[in-house]
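Here are a few notes from my read-through, for you to check against the coordinates as you go.

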Amino acid sequence: TDMAIYELHVRDFSASDQCVPEHMRGTFAAFALPPSTSAPPNAECSQGVAHLARLAESGMTHVHLLPINDFGSVDERKERWQWPHVPHDAAPDSDMQQGAVMSVANDDAYNWGYDP
């Protein structure tokens, strides 16, 4: 059979998911939480797991996790992560949006590349 592969970064999967307890965000533990669609109100859950379930229903067969180990240029200390302040009227492809994202790209919660 054909494979439909979805690639995702372990940390990016849950770094900003408000359903995931803060200490679990950006970790493998977030994958073990129930999907937000089936969790009782105020329970620990994962919007990402719910998204993966929807993708599986639509035909996704495999998930490829990237990267699965730490690398030197990424600060893993969550208290130091910064979040972009994107203007509400900025289009996704606008210079304002791109500038806001890139202004914290070296210090945010997302993996922008790999160390050589």
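**Notes on the model**

1. Let's start with Ser-94, which sits in the loop between strand E2 (62-66) and helix H3 (95-103). Keep in mind that this is a predicted model. Ser-94 counts as buried, because its relative accessibility is 16% and the cut-off for buried is under 20%. What does its side chain pair with? A polar atom of the Ser-94 side chain lies 2.9 Å from the backbone oxygen of Ala-91.

2. Next, the cysteines. A search of the whole structure turns up zero disulfides. Cys-19 is in no disulfide, and its nearest cysteine sulfur belongs to Cys-45, 3.4 Å away. Likewise, Cys-45 is in no disulfide, with the sulfur of Cys-19 as the nearest one, at 3.4 Å.

3. Cys-45 is at 6% relative accessibility, so Cys-45 counts as buried.

4. The largest nonpolar core has nine residues. They are Leu-8, Phe-13, Val-20, Met-24, Ala-30, Leu-33, Val-49, Leu-52 and Met-60. In soluble globular proteins, nonpolar side chains tend to be buried together.

5. Leu-52, one of the residues of that core, is worth a click. Leaving aside residues up to four places away in sequence, Leu-52 touches Tyr-6, Leu-8, Phe-13, Phe-31, Met-60 and Val-63. Among these, Leu-8, Phe-13 and Met-60 are also listed in the largest nonpolar core.

Note on methods:
Residues are numbered from 1 along each chain as its sequence is written. This is a predicted model: local features need pLDDT of at least 70, side-chain atom pairs count only at pLDDT 80 or more; totals for chains, interfaces and linings use all residues. Side-chain values use heavy atoms; hydrogens and water are left out. Helices (H or I, at least four residues) and strands (E, at least two) are DSSP runs, numbered from the N terminus. Buried means under 20% relative accessible area, exposed over 50%, partly exposed in between (1.4 Å probe, protein chains only). A polar contact is a pair of N or O atoms within 3.5 Å; within protein, one must be able to donate a hydrogen and the other to accept it, and residues adjacent in sequence count only if both atoms are side-chain atoms. A nonpolar core is a set of buried Ala, Val, Leu, Ile, Met, Phe, Trp, Tyr and Cys residues joined through side-chain atoms within 4.5 Å. Contact means heavy atoms within 4.5 Å. A disulfide is a pair of cysteine sulfur atoms within 2.5 Å.
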